[in-house]
Amino acid sequence: MAKKSSTANKVNIRPGVSVLSVLKNLNYKPWFALAEFVDNSIQSFIANRGKLKRLNDGSEQLVVEIDIDSNDEGVITIRDNAAGISRKDFPRAFRPAQAPSDRSGLCEFGMGMKSAACWFSPYWSVRTSALGETEENTIEFDIDKIVEDEIEELRVHRRKAKAETHFTEIELTYLHHIPKGGRTLGKIKSHLTEIYRVFTREGTLRLILNGEELAYELPEILHAPEYTNKHEPRGKNKEWRKEIDFDFGDGLRATGFVALRAKMKASESGFSLFRRKRLIQGSFDEKYKPREVCGDVNKFLSQRLFGEIHLEGFDVSHTKDGFQWGDEENAFLDLLKEELNKKPLRLLSQGNNFRAKPTKKQLQEAAEEAVENTADAIECELPPVAERLSKTVPKEHKKARLAHVGLLKKRLIKVAFSERNWEVVLQVTEDPAVGTWLDVSDSVKKSHTPEGKNVEVVGLRLSLAHPFMERFVGADVGKLEPMLRVAAALGIAEKIARDSGGGVGQVRINVNKILKHVLCHT
């Protein structure tokens with residue numbers, strides 16, 4: 001029990017006050033730090049729901065408002081209409097690492113509010129009025145002064161309040177970590193929206209950030225016929241969503257749903273993992289994407305698969321931004337993968353094989369944008385380049401081999417047709433010394449086989465360091481394969497046109513046919 005001064009106007013915060021000064025160095029992200037305050041509000045509301053319901057004639061709803069002022073030193077204010085912090089709970093609420101007696105809710109480590117507040121701010125205050133108590137209490141934390149002077153008791157500023165008044169307001173000032181800029185505030189909004197989606201969806205919580213109420217919208221789920229491994233549709237449209245519920249021993253259980261997105265979006269696909277209705281891992285653009293289930297990041301499945309999975313029996317990190325898997329993650333992934341590919345709704349197979357055809361409207365919008373942008377580039381950039389190129393028409397120089405440079409990948413493909421033997425050498429480089437988008441070489445290698453047929457060697461090298469690739473591929477690795485296929489079609493078409501004696505137009509004809517009959521397949 002905490003010792004109080006004779007006037008009962010102080011709260012004891014020892015032991016462990018020295019730890020308050022190092023909490024600013026925690027590896028928090030701003031949305032998870034803010035989530036600690038929301039967790040406290042939700043827990044207070046749930047623990048006192050019956051009393052709040054009676055007080056409000058059954059129309060109770062938790063409202064949490066977060067206001068972020070990024071100007072100057074920065075100020076963050078968090079307000080709620082939960083039950084407030086009762087005077088008897090002050091020692092636990094304000095003493096570092098004082099865990100609650102009931103750890104089955106969202107507050108289990110006794111550090112959430114203290115660690116998040118100290119991470120954000122060296123000077124913060126709590127003003128609260130507890131339901132059923134006739135006083136409003138304010139406590140101020142000056143962390144530098146507390147640590148320097150080894151202060152073990154803080155003054156509680158009291159004023160009268162009505163017994164039916166209930167709220168808590170936390171103000172963080174002189175911020176260590178100021179959420180600045182539209183991008184950071186946008187990410188905070190998106191992450192908090194997803195972290196508390198279950199509570200807002202069921203109507204328990206209204207979460208308001210800078211005056212805007214946050215509401216999660218579920219991605220549109222794919223409705224389509226089943227596709228075979230040959231990408232052929234079969235049967236009627238299905239909704240590609242599957243409920244999951246499996247137990248893997250020792251009190252460990254997974255429930256929820258997994259589905260395929262109607263529209264691929266790599267940045268927001270993947271799983272969101274929950275515990276006690278609160279998202280722990282996989283919010284917004286930081287989804288949980290185990291390769292064992294989702295596959296490679298640039299594949300179709302990885303860009304469509306998403307879901308909400310509620311885990312029971314697992315511990316979480318003290319910042320509540322990740323699960324403590326121990327040795328159980330592999331078992332979870334094995335069971336999840338098995339569950340998702342069970343008949344009659346084989347989600348993983350569908351995600352790998354399905355190819356959505358854009359609507360006419362989508363095609364028209366995309367075509368309009370592509371044509372306008374390409375036309376602008378030709379109109380602005382082509383004249384000087386065309387003039388320079390037209391003045392000099394160099395004699396064709398056929399490269400016998402490609403120069404040796406650092407490669408990301410090299411593959412040799414052997415091809416036989418019309419009594420000819422080819423070796424196609426496919427290369428991808430990011431060496432900045434390679435100045436051309438596509439290099440092609442054409443040479444003949446004497447055969448040492450009994451048949452004695454010479455081998456024609458075609459070298460094709462694509463440069464990722466070329467400005468065109470940096471502009472249109474960049475970090476989006478999913479665009480690399482189509483670029484490589486077009487480059488390969490160009491190089492092979494050039495080789496065939498040269499051998500057949502065709503003119504320059506033959507290259508274009510060959511490219512069209514190679515893309516249609518060869519490189520559109522898996």
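**View 1. An open sheet of nine strands, with mixed pairing, has the order β1-β6-β5-β4-β7-β3-β2-β8-β9.** The strands, like the helices below, are DSSP runs numbered from the N terminus, where a strand (E) has at least two residues and a helix (H or I) at least four; two strands pair if DSSP finds at least two bridges between them. Because β1 (10-12) and β9 (212-213) stand at the edges, each with a single partner strand, one side of each is left without a neighbour in the sheet. The model is predicted, so that local features need pLDDT of at least 70 and side-chain atom pairs count only at pLDDT 80 or more, while totals for chains, interfaces and linings use all residues. Residues are numbered from 1 along each chain as its sequence is written, and side-chain values use heavy atoms, with hydrogens and water left out.

**View 2. Strands β5 and β6 run antiparallel.** Strand β5 (residues 135-142) is joined to strand β6 (residues 153-160) by five bridges, and the bridge partner of Thr 138 in β6 is His 157. Strands of a sheet pair through backbone hydrogen bonds, either parallel or antiparallel.

**View 3. Helices α1 and α6 lie across strands of the sheet.** Helix α1 (residues 30-47) lies across β2 (62-69), β3 (75-80), β7 (167-173) and β8 (205-209), and runs at about 160° to β2. Helix α6 (residues 181-195) lies across β2, β8 and β9, running at about 175° to β8. Axes are lines fitted to C-alpha atoms, for helices over the stretch in contact (heavy atoms within 4.5 Å), and angles run from 0 to 180 degrees between N-to-C directions.

**View 4. Helix α1 meets helix α6.** The axes of α1 and α6 come within 9 Å and cross at roughly 50°, and the two helices are therefore oblique to each other (angles under 35 degrees count as roughly parallel, over 145 as roughly antiparallel, 65 to 115 as roughly perpendicular and the rest as oblique). Pro 30, Trp 31, Phe 32, Leu 34 and Ala 35 of α1 meet Lys 187, Ile 188, His 191, Leu 192 and Ile 195 of α6. By class, this contact of α1 with α6 has eight nonpolar, one polar and one charged residues (Ala, Val, Leu, Ile, Met, Phe, Trp, Tyr, Cys and Pro count as nonpolar, Asp, Glu, Lys and Arg as charged, and the others, Gly among them, as polar).

**View 5. Helices α14 and α15 pack at an angle of about 130°.** The axes of α14 (residues 480-500) and α15 (residues 504-517) are 8 Å apart, and these helices are therefore oblique to each other.
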